[in-house]
Amino acid sequence: MSLLNIVNCLDPILRKKCQRVDNIDDSLITLTEDMIETMYDSSGLGLAANQIGRTSDLFVIDVGIEQEKRDPVVIINPVITASEDEVMGEEGCLSIPDIFAEIKRAQHVEVKGYDLRGNEVRYEAEGFLARAFQHEMDHLKGGLFWDNLSKAKRDMLKRKFKKKLKELQT
Ligand code: CO
C-alpha cells in the first residue's frame with residue numbers, strides 16, 4: 001500500500017463531477033486501499049476520489065466514527081436516497097487544511113451505492129457520520145463545504161487558507 005497525494009482546494013479537479021464506475025478491477029481495489037491508508041494518515045474520516053486526483057465516482061469513509069472504532073468502507077456510485085432534519089455543525093476538509101466552518105447539513109441521511117464486490121450497499125447515518133456522507137457526496141459533484149456560505153464568509157475562509165498555504169511553503 002502507498003500514501004497518495006491529497007490535492008488542495010485550488011486544484012480544478014475538485015470542481016469536476018466524478019464519473020460513474022462501471023468496472024471494478026484490481027487497480028481500483030488497490031486505489032481504494034491506498035485511499036483508506038491516506039485518509040487515516042491525514043487523520044481524516046472520509047476521502048473522495050477527486051481529492052487524490054482521480055475522477056471515479058467513489059469515496060472511502062470511516063463508518064465507525066460514532067462508535068470510536070475504525071470501520072473503513074468504500075462506496076461506489078453513491079447516492080443520497082433520503083435526508084431529514086437540518087443541523088449546524090463544524091466541518092473541515094483534508095483539501096482545505098486547518099480551516100473550519102459551521103455548515104448546515106441534514107441530521108439523518110440514507111446513502112446507497114456499491115461495494116468493491118459490486119453488491120449494493122445501504123447506510124443509514126445520523127449526526128457526524130451523516131455530515132461526513134454529505135461532505136463526500138459534495139466532493140463527487142465538484143463541491144466544497146464552503147460553497148453554500150455567503151460570499152463574504154467564503155472569501156474570508158479562502159484568504160485564511162491562502163495565508164496558511166504560504167506559511168507552509170516558506
Ligand atoms: Co473534504
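Reader: What makes the five strands a sheet, and in which order do they stand?

Author: Happy to start there! In this predicted model, five strands form an open sheet in the order β1-β2-β3-β4-β5, with antiparallel pairing. Two strands count as paired if there are at least two bridges between them. Three bridges join β1 to β2 (residues 58-62), so this pair meets the cut-off of at least two.

Reader: Why are β1 and β5 said to stand at the edges?

Author: Look at their partners. β1 (46-48) and β5 (120-126) each have a single partner strand, so one side of each is left without a neighbour in the sheet. On average, neighbouring strands of this sheet are turned by 45 degrees against each other, direction ignored.

Reader: Which strands does helix α1 lie across?

Author: Helix α1 (residues 26-41) lies across β1, β2 and β3 (72-93). Against β2, helix α1 runs at about 40 degrees.

Reader: Why is glutamine 134 called buried?

Author: Set its value against the cut-off: buried means under 20% relative accessible area. Glutamine 134 has 10%, so the word buried applies. You will find this residue in helix α2 (residues 127-140). Glutamine 134 touches Ile80, Arg105, Ala106 and Val109, leaving aside residues up to four places away in sequence.

Reader: What makes the approach of glutamine 134 to alanine 130 a polar contact?

Author: A polar atom of the glutamine 134 side chain lies 2.9 Å from the backbone oxygen of alanine 130. The limit for such a pair is within 3.5 Å, and 2.9 Å therefore falls inside the limit.

Reader: How do you know which residues coordinate the cobalt ion?

Author: By distance. Donor atoms must lie within 2.8 Å of this metal. Cys93 (SG), His135 (NE2) and His139 (NE2) coordinate the cobalt ion at 2.0 to 2.2 Å, so they qualify as donors. In sequence, the donor residues are spaced C-x41-H-x3-H. Cysteine 93 belongs to strand β3 and histidine 139 to helix α2, so the pair ties together parts that are 46 residues apart in sequence.

Reader: Why is the pair of tyrosine 123 and phenylalanine 133 called tilted?

Author: A pair of aromatic rings is described by the distance of the centres and the angle of the planes. The structure holds three aromatic pairs. For tyrosine 123 and phenylalanine 133, the centres are 6.0 Å apart and the planes at 35 degrees, so the pair is tilted. Under 30 degrees would count as stacked and over 60 as edge-to-face. The pair links distant parts of the chain, with tyrosine 123 in strand β5 and phenylalanine 133 in helix α2, 10 residues apart.

Reader: What makes tyrosine 123 partly exposed?

Author: Tyrosine 123 has 22% relative accessibility and so counts as partly exposed, because that class runs between the limits of 20% and 50%. Phenylalanine 133, at 0%, counts as buried. Phe59, Tyr123 and Phe133 form one aromatic cluster.

Reader: How do you know that phenylalanine 145 and tryptophan 146 form a tilted pair?

Author: Their ring centres are 6.1 Å apart and their planes stand at 55 degrees, so this pair is tilted. Rings pair when their centres lie within 6.5 Å. Phenylalanine 145 counts as buried at 5% relative accessibility, and tryptophan 146 counts as buried at 2%.

How values were computed: Residues are numbered from 1 along each chain as its sequence is written. This is a predicted model: local features need pLDDT of at least 70, side-chain atom pairs count only at pLDDT 80 or more; totals for chains, interfaces and linings use all residues. Side-chain values use heavy atoms; hydrogens and water are left out. Helices (H or I, at least four residues) and strands (E, at least two) are DSSP runs, numbered from the N terminus. Axes are lines fitted to C-alpha atoms, for helices over the stretch in contact, and angles run from 0 to 180 degrees between N-to-C directions. Contact means heavy atoms within 4.5 Å. Buried means under 20% relative accessible area, exposed over 50%, partly exposed in between (1.4 Å probe, protein chains only). A polar contact is a pair of N or O atoms within 3.5 Å; within protein, one must be able to donate a hydrogen and the other to accept it, and residues adjacent in sequence count only if both atoms are side-chain atoms. Donors are N, O and S atoms within 2.8 Å of the metal (3.2 Å for Na, K and Ca); water is not among the atoms, so sites may look incomplete.
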